[in-house]
Amino acid sequence: MAQSAKTIEKILVVDDDPEWRQFLGDVLGPRYTVVAAASDEEALLLARAVHPALIFLDVMMPEGKDGFTLFCDLRKDPKTRHIPVIFLSEVNSATNSMFDADVLKSYLGASPAAFLEKPIKKDILLRTVQGVLGSRQD
């Protein structure tokens, strides 16, 4: 009798910094399939193609669109609007701002699943991912 294999959920990591893509891959890789994008264009293509369960999104990216604009693009697309997004960024410390999920809802018209500051501890990262993926309504 064949056992039902649990599908491993995919997480898309969008960050221009290869060290952060590697860190997230190392932390999340044992539990999830991690796909990485270094640009907004690559992120949109991958989000539509691989249908991730979750997207990690940096805010400050030097090429193309910033993470806030990319978030809005993801929300406008029927193929990606349902995917929860966690912002993981240094934007608050870099700009002396106080962005969080509630502030972003009024600013962007939609709220991300979470807003985390870099650097982040592995246990907080994993706990946040498990909370977001566990709270989804399938």
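**Helix packing, sheet and cores**

Exposed here means over 50% relative accessible area, buried under 20%, and partly exposed in between (1.4 Å probe, protein chains only). The model is a predicted one, so to speak of local features takes a pLDDT of at least 70 and side-chain atom pairs count only at pLDDT 80 or more, while totals for chains, interfaces and linings use all residues. Residues are numbered from 1 along each chain as its sequence is written, and side-chain values use heavy atoms, with hydrogens and water left out.

Back to helix 1: its buried residues are Trp 20, Leu 24, Val 27 and Leu 28. They span an arc of only 85° around the axis, which puts them on the same side of helix 1; the arc is taken from the directions from the helix axis to the C-beta atoms. That buried set packs against strand 1, strand 2, strand 3, strand 4 and helix 6, where contact means heavy atoms within 4.5 Å.

As for the overall layout, the protein has 6 helices and 5 strands. These are DSSP runs numbered from the N terminus, with helices (H or I) of at least four residues and strands (E) of at least two. From the N terminus on, the order of elements is β-α-β-α-β-α-β-α-α-β-α. Of the 138 residues, 44% are buried. Among contacts with a separation of 6 or more, 67% come from residues 24 or more positions apart.

The 5 strands of the open sheet come in the order 2-1-3-4-5, with parallel pairing; two strands pair if DSSP finds at least two bridges between them. Strand 2 and strand 5 (114-117) are at the edges with a single partner strand each, so one side of each has no neighbour in the sheet. On average, neighbouring strands are turned by 20° against each other, direction ignored. Axes here are lines fitted to C-alpha atoms, for helices over the stretch in contact, and angles run from 0 to 180 degrees between N-to-C directions.

Strand 1 pairs with strand 3 in the parallel sense over 4 bridges, and Ile 11 has Leu 54 of strand 3 as its bridge partner. Helix 1 (residues 18-28) packs on the sheet, touching strand 1, strand 2, strand 3 and strand 4, with its direction at about 170° to that of strand 2. Helix 6 (residues 122-134) also packs on the sheet. It touches strand 1, strand 3, strand 4 and strand 5, and its direction makes about 140° with that of strand 3.

Strand 3 and strand 4 run parallel and are joined by 3 bridges; Phe 56 finds its partner in Ile 86 of strand 4. Strand 4 is mostly covered, with 5 of its 5 residues buried. Val 85, Phe 87 and Ser 89 are buried on one side, and Ile 86 and Leu 88 on the other. In a regular strand, side chains alternate between the two faces of the sheet.

Helix 6 itself has 13 residues and reaches 18 Å from first to last C-alpha, close to the 18 Å expected at 1.5 Å a residue; the expected span is 1.5 Å times one less than the number of residues. Leu 125, Leu 126, Thr 128, Val 129, Val 132 and Leu 133 are its buried residues. Their arc around the axis is only 160°, which puts them on the same side of helix 6. Arg 127 and Gly 134 are exposed on the other side. The buried residues of helix 6 pack against strand 1, helix 1, strand 3, strand 4 and strand 5.

Helix 2 (residues 40-50) buries Asp 40, Ala 43, Leu 44, Leu 46 and Ala 47. Their cover includes strand 1 (10-14), strand 2 (33-37), strand 3 (54-57) and helix 3 (67-76). Just after helix 2, His 51 takes a positive phi of about 50°.

Now for the cores. A nonpolar core is a set of buried Ala, Val, Leu, Ile, Met, Phe, Trp, Tyr and Cys residues joined through side-chain atoms within 4.5 Å. In the largest one, of 21 residues, those touching the most other members are Leu 12, Val 14, Ile 55, Leu 57, Leu 70, Leu 74 and Phe 87. Strand 1, strand 2, helix 2, strand 3, helix 3 and strand 4 (85-89) each give two or more residues to this core. Apart from it lies another core, of 20 residues, including Leu 24, Val 27, Leu 88 and Leu 125.
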